[in-house]
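Here is a short report on one protein model. Have the sequence and the 3D view ready, and find each residue as you read.

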Amino acid sequence: MNEPENMSGTVLGGRYELGQVRAEAALSVSGSSLFDATDLSTNEMVSIRVTPLERLVNPALGSTTQNDALAVFEQQAEVASTLRHPCIENVIDHGEATVDGERYVYIVAERLAGGSLREFLDRGRRLTPSQALIVGIDVCRALDAAAKQGVVHGDLRPSRLVFGLDRRVRVVGFGAPVRAFEDLGLEQAHYGAPELAEGGTRGASSDIYSLALILVEAMTGEVPFAADTVAATFAQRAGKLLPVSADFGALAQVLERAGRPDASERFTPREMGQALVQSAEKMARPTPIDIVGGGLFSADATGEPTQPAPRPDFSNVEPVANVAPDQPILIRTTPVIESPTGPIPVAIIDPTDPNLVPLTIGGDDTGPITVDVETLQELSSQDPTSQVEVPKKKWRRRIGYGVVALVVLLGGFAGAWFTVLNPKNPVPALVGVLEAEARNQIAEFGWGITIVKERSDEVDTGEVIRTDPVTGTQVAKRDSITLFISEGRTLSTLIEVTGLTGTEAIAKLEALGLEPEQADVPDENIAVGTVVSWSIPDQPTLKVGDQVVKGTTVAVNVSSGPAPRTVPDLTNKTLEEATAELNALGLVVTQTPNAPHPEIASGKVSVQLPAAGEQVARGSAVTITISSGQRFTPLPFIYGQVYTVVEQRLLQNGMLIGTVTGNKSRGLVSASIDGKVVRNFDRVVVGKKVDLKFP
């Protein structure tokens, strides 16, 4: 079999000449090669992925023969070529070719020379939160555009995000065959949504989850929940919230929702894109992304993504409150005792806790037992499976003491319930904390959690507004706490401001908590300073009565009056023609007495003021003069006269002075009009220029 990388110089489809091979492609099946190529029909550079058809034969993907594989390839290429969006790789063409007896398929796409995000990360580079936000917005735009056509990517990972030389990202690989969970590779598993392990179908929310993992890796260098095997990777993320850091800024709350284990709680691509746009207002201006510029897949890429360090697991830690002085200590539920029915957790007290104090636990018929710190330390050093014997008090065989014993016994069980079995802990200060972080803070207390969404002008989206019970309240282990989470600023109902003055409209919108931006626009009918129209730039379809978040920008267009008019050229037009043209522009005609003109025929406009091309207000006057035609006069006696005499006599007869040559102090030797020599007393047109020649 000829390797595709040896095909440089080959022309595919009679149109595409393969140039230098760039690298092994990771967008499709192993064995593809990526070429720089020239489209001979347009002389433009393109990228072409060439794959031996035999290597696409894969029963897991529905192809057992080359013809089956060709059909699968055609389907993939058709899907990819129908997607047209600035953030999606532009697939130009595809086809099949036979070279040296071997069948190949190829896909022609735009040339993206900025390298993939995988290459970027494998070189040790990282995105800032602001840069990650820009990448996320572009990917959401691509996913939303595809979703509108019923297309889901299904295999989003850093190698699918490729930069152009404009440093903006494109999503590549749409239409690739979807692999079953059993056929996933490790890299695909690192970015797969939890529902894939449960047999769920891939949807737009699956791509959103993958995007959240990609953006976290792009900022930290580590893929959340990644493990050494596919099964371990999905096991680690089952039911887990995506770990986000306060270092991500406003991006953290968006990633937290995008990375939720329940697909129904995640954003749609459009919702996530809008959330990222809103977050951008609270983040620093992004610097340009330092693209690798090595092509789609550089030969020196390191291959597999870096693996994150395992996160410490605190899921087995439970707090226990002491009766006196009622300060918490930690009891770990490990190690365990193996039994026929399975492992049994054994409580072990941490004697190194600086807050360790005497612990009161429930006893048997002897009443409650108080264990001091030294005893606790001794207990913690013993075999956790050993039994601690506590001497029992002897009962006096009196009936009266039996009643006391019963009370003590009940008190012991009550003490056990309120201390060890159902301890209490104070509600921590959670106001202003992100929902995910708040959940993590109280997870160890064993409380039930209820989430209530509210809007707030003081608390940012995704953060805790208040709790019920309030901060400091003692809450028992099995009780519940309600977290009131901000959905963003409160809403304002849009009102009609058209017809108001600009000042009135701005005051009313500001009173609603909105941000008006005034722009002056010309209008033929609306008075100056009156609102002509308004709109929401980000959502132009909104109308009166719709609700928007406070702080939303409202574009207010205020009339600046009629637009200025450009004065037309009226020369050589009749009075009627000039009047009609000016009236159509809303201009007024004024006329001076007719005057002769050496060039303009009688009855036509010879002079206008303002001149053609000048800008005037609607209703302005344009003054015109109508030519009375040519008037003749005899040329005065000028030959042999000095220049001063010649000039005086010509001007007195309505003539104009043209070019003058020679010595003006000597007598005139020649005069001409329009290049024709004229003599003393010749009949000439008044207003013509006379060129003069002296010796």
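Arg 260 and Glu 435 join their side chains in a salt bridge, with N and O 3.0 Å apart. The pair links distant parts of the chain, 175 residues apart. Arg 260 sits in the loop between α7 (251-258) and α8 (269-280). Glu 435 belongs to helix α11 (residues 435-443). Both Arg 260 and Glu 435 are buried. Keep in mind that this is a predicted model.

## Other salt bridges

How many salt bridges does a search of the whole structure find? The search finds 32. Three of them are set out here.

| Salt bridge | N to O distance |
|---|---|
| Arg 260 and Glu 435 | 3.0 Å |
| Asp 155 and Arg 157 | 2.9 Å |
| Asp 457 and Lys 550 | 3.5 Å |

Take Asp 457 and Lys 550, whose closest N and O atoms are 3.5 Å apart. Asp 457 is partly exposed, at 33% relative accessible area. Lys 550 is also partly exposed, at 26%.

Now turn to Asp 155 and Arg 157, which meet through their side chains. Are these residues buried or exposed? Asp 155 has 15% relative accessibility, so it counts as buried. Arg 157 has 8%, so it is buried too.

The search of the whole structure finds 0 disulfides. A disulfide needs the two sulfur atoms within 2.5 Å. Seen from Cys 140, the closest cysteine sulfur is that of Cys 87. Cys 87 is buried, at 4% relative accessibility. Cys 140 is buried as well, at 1%.

## Helices

Helix α5 covers residues 204-220, which makes 17 residues. Just after α5 comes Gly 221, with a positive phi of about 90°.

Next, look at a packed pair. Helix α3 (residues 129-147) packs with α8 at an angle of about 155°, and their axes are 8 Å apart. Angles over 145 degrees count as roughly antiparallel. That is why α3 is roughly antiparallel to α8. The crossing of these two helices is left-handed.

Most residues other than glycine have a negative phi, and most peptide bonds are trans. A few places in this model go the other way.

Start with phi. Asp 100 is not a glycine, yet its phi is positive, near 50°. Asp 100 lies in the loop between β5 (91-99) and β6 (102-109). Phe 225 also has a positive phi, about 70°, although it is not a glycine. Phe 225 is placed in the loop between α5 and α6 (230-237). Which of the two is buried and which is exposed? Asp 100 is exposed, with a relative accessible area of 68%. Phe 225 is buried, at 10% relative accessibility.

Now the peptide bonds. A cis bond joins Asp 468 to Pro 469, with omega about 5°. Pro 469 is in the loop between β18 and β19 (474-476). Another cis bond runs from Leu 609 to Pro 610, with omega near 5°. Pro 610 is in the loop between β28 (605-609) and β29 (615-616).

Definitions and conventions
Residues numbered from 1 in each chain as written. Predicted model: local features only at pLDDT ≥ 70, side-chain atom pairs only at ≥ 80, totals over all residues. Heavy atoms only, no water. Buried < 20%, exposed > 50% of the residue type's maximum accessible area, 1.4 Å probe, protein only. Helix = DSSP H or I, 4+ residues; strand = E, 2+ residues; numbered from the N terminus. Expected span 1.5 Å × (residues − 1). Salt bridge = Lys/Arg side-chain N within 4 Å of Asp/Glu carboxyl O. Axes fitted to C-alpha atoms, helices over the stretch in contact; angles between N-to-C directions. Parallel < 35°, antiparallel > 145°, perpendicular 65-115°, else oblique. Left-handed = near helix turned anticlockwise from the far one by under 90°.
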